[in-house]
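Colleague: I am new to this structure and would like to learn how to read some of its features. Could you take me through them one at a time?

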Amino acid sequence: MSLNNWQPVIGLEVHVQLATKTKLFSSSPIAFGAEPNTQASEIDLGLPGVLPVLNKEAISQALKFGCAINAEISEKVIFARKNYFYPDLPKGYQISQLDDPIVGKGSIEIKLGEKSKIIGVTRAHLEEDAGKSIHDLYSNNSAIDLNRAGTCLLEIVSEPDLSSAEEAVEYLKKIHSIVTFLGISDGDMSQGSMRCDANVSVKKPDDQELGTRTELKNINSFKFVEKAIIFEIDRQIKKLEKGEEIIQETRLYDSKKNLTRSMRSKEEANDYRYFPEPDLIPIKISKDQINDVRKNLPELPEIMKERFMKSYELSDDNAELVTINKETASFFEEVLSYKVSPKNAVNWITGDLFALLNKNDTNISESKVNPKHISEIIQNIEDQKISGPSAKKLLEIVWSEGGEIQELIQKEGLEQISNDDEIERFLDEVISENQKQFEQLKSGKDRLQGFFVGQVMKKTSGSASPQVVNKLLKDKLSK
Amino acid sequence: MSELINLSLTDQVLGLGDKSFSSKEITGAYLNEIKKKESLNCFISVFEEESEEKALIADENIAKNKARPLEGIPIAHKDIFCIKDKKTTCGSKMLSNFISPYSSEVFSKLDTAGAITLGKTNMDEFAMGSSNETSFYGNVLNPINEKLSPGGSSGGSAAAVRANLCSFATATDTGGSIRQPASFCGVTGIKPTYGRVSRWGMIAFASSLDQAGIIAKNAKDAAIALKYMSGFDQKDSTSLNEEVKDLQKEVDADQEHVIGIPKGLIENIKNDQVRDSFKNAISILEKDGAKIKEINLPHIEYSLPAYYVIAPAECSANLARYDGIRFGHRSESVSSLEDLYVNSRTEGFGKEVKNRIFIGTFCLSAGYYDAFYNKALKIRNLIKSDFDEAFKKVSSIAMPTCSNSSFELGSISDPVEMYEQDIYTIPANLAGLPALSIPSGTADEMPIGLQLIGNYLEEGRILNLANKFQKLTDFHEFK
């Protein structure tokens, strides 16, 4: 893509599903993957005569987010009805916020290589989610699942401060890390716990006003956010350079074809006819309540990273890697609680374990490998009880089957033989079987040394310490 | 047994308690009368067998000295209150097939108090109307003169009480829907303070104005019934968490009254008979020792326009859920989603409901919100302050309930003329104040009502004053 001196201007609207036990306005449980319409009460169905009752947990989770990004917090929270018709919107309106959003102006710092940039957050407000329309279940009908209807969303709206797809992804990753560290969302984009719309426009550097923007919908992974924005910037630049105009519209990202296409224009846009929700009274938020939340905020990724660099002498990169999310950070600290060296712990987690997680497209909390496993593997290496290759083999076994490290070492015969006499017996055997080569080695053909070590390793199924074999071989040669 | 149905609630409770008669007898008598007067069209559903069964249980409870406060008393509910497993139509074709899977708090409370639900009363569609002519189930006839309207929207409840078809009936009042039909039928109707009775399970028309109340033979009966219906409900966020006073005691207490009469009110009553009877009622109370004071309510003249913006605005959102998707009427002639919405709603709603949805949608539209909705909210606040100011000087405020007695069915076709029926009743809804109507005379040989408005949560005071009036007069007696 050639920017050709065009400047992209991007703002993101991120919907984060909060990790409350029940829905925003009903006591229905929230769980992903339940049978359709089994987690929808009369309130979620929008039956005649039902009334919403605000879930206080959602307020406190939104406050945590507000405090974490140092935002202004509204003294009172007012909900509003956003009116539009859609089959998966049971009441014909969504209870959302317009004026007095719970979280006001704040900011989030993102890292771009060595540099960092402050991205403004305009607001974050609470709203209920809609249900799901399913169009591919029946041939002539659409189906509706209202399990998701009424779940708590925090919509985080950024200023148009982002200037590239890369920045947008970094910003989104930062929000992901903040909400997961705060424990207010599982942040799982694949299950829709985090969804993102992007407002994209381009302008020339001298232009005082922003260009006409388009809103991209349905970009629900970090990868798609990047691709959709790149595509859209490119599309807009090409159009403008041909002298055409950008139409203000909503565009849908098609991840299969990697393109965006028009969904509705500004003229077709809904007039949501917002008005204050008469079924809910305004909620007051006291200074004490805010201070209380602030005092009890969990350690945020930046601060944790600093601490790791200082206390465990990790490099910037390594500290960044183990604080990528809350689960990894706690995993790391738990490994350390077994008194292994931080450097080894980082290497094992971000090296072999991350490789397995990536290969299997899963996350650390779902894997069979636990911090105790990693710590014991490291300890066994440090004590020279197992060899490097054996350690890797062990990790793969616990990855797929779980189990106890000590038992597995026994069972798989991975214990390293460091007893000199025992290894010497194996070495003698190898020498007697390979007299000719041994003579050659003796006469100075040094590269045969590896051959002998290899043969001993083979005979001991890798459990001999290569250092000891080398030492003994040298002794024999010097005799 | 017909004399049993003429008894006041107080006497019925006493008679059942000392076993002068049984619930089986009184329930049977009411069911007979309902059958006899079917042509009045007071009921949309009658639960004959179930009522008879419940009467037997009530008699057992009484025999075992386990009688609850309203044990065995046959009552009726306006068909706006959801009752589990019962058809709840709200007077609309839209809900003519709706069987509610849950019960309203109003029903549950009276059911728990031991009352027997004989059936559900007819009403204007979605409580929108002042003559009961908008009901999908046809209009109700005024039992005093069957050519005339019983008033609306709670016309079925008022007519049922007047025709001795139940001991008392529940009703709702958004702009006068309890008081105006009470006035037309010569019965007593009270709309308590907004938030005094839970709205859970009461089908919404205009959420910030809707309030459930009672239509009964007299103030004493209304006080008893209201006592068992009132109270805080967690399921309704606008419900008031305030102690329920013993209205039964308060209605008979020795209280002093200062009655406020708005400046210019009397001169502006156009109907001579209404004006004279109002003056007569005031002088009766004054002779009895009440003090009369002139008060200033400078903004109530804007009540009607403010109401006819706020109520339709809220109704336009409240009625959006009737989309033919999850429950209610669904059009047969559908070939697209748009069709499903448009045809289901076009067929399911009557003309008046559509009028109000249009008005409300318009008032909330972009560009009109400030001119209409916001301005109406400002007027509403001014009216509230007017009342706050007035109640510093007086303990209740008197006005006529309606500017006329009942009119002939079909005689009013201009909607605005119909809306003017509510001119005296709307201010109490806008301010959220308790207000009642008691029979105070006649105009054109039909009853007219005296309206008493009380301060917040002072239902007891206006009931006490009404009871005083009824001790001195016989306007409330059915002749």
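**Reading helices, strands and a chain contact**

Modeller: Please keep in mind throughout that this is a predicted model.

Colleague: How many bridges join strand β3 of chain A to β4(A)?

Modeller: Four bridges join β3, which covers residues 80-83 of chain A, to β4(A), and the two strands run antiparallel. They belong to an open sheet of three strands in chain A, whose order is β4-β3-β14 with antiparallel pairing. Because β4 (93-96) and β14 (275-276) of chain A each have a single partner strand, they stand at the edges, and one side of each is left without a neighbour in the sheet.

Colleague: How are two packed helices described?

Modeller: One gives the angle between their axes and the distance between the axes. In chain A, helix α8 (residues 342-360) packs with helix α9 (residues 371-382) at an angle of about 115°, their axes being 10 Å apart, and α8(A) passes α9(A) in a right-handed crossing.

Colleague: Which residues in α8(A) meet which residues in α9(A)?

Modeller: From α8(A) come Asn344(A), Ala345(A), Trp348(A), Ile349(A) and Leu353(A), and they meet Ile374(A), Ile377(A) and Ile378(A) in α9(A). By class, this contact of α8(A) with α9(A) has seven nonpolar residues, one polar residue and no charged residues.

Colleague: How many residues does the contact take from chain A and from chain B?

Modeller: Chain A gives 25 residues to the contact and chain B gives 37 residues. On the side of chain A that touches chain B, the residues divide into 15 nonpolar, four polar and six charged.

Notes: Residues are numbered from 1 along each chain as its sequence is written. Chains are lettered from A and ligands numbered from 1 in the order in which they are written. This is a predicted model: local features need pLDDT of at least 70, side-chain atom pairs count only at pLDDT 80 or more; totals for chains, interfaces and linings use all residues. Two strands pair if DSSP finds at least two bridges between them. Two residues are in contact if their C-beta atoms, placed from the backbone, lie within 7 Å. Ala, Val, Leu, Ile, Met, Phe, Trp, Tyr, Cys and Pro count as nonpolar, Asp, Glu, Lys and Arg as charged, and the others, Gly among them, as polar. Axes are lines fitted to C-alpha atoms, for helices over the stretch in contact, and angles run from 0 to 180 degrees between N-to-C directions. A crossing is left-handed if the near helix is turned anticlockwise from the far one by less than a right angle, and right-handed if clockwise.
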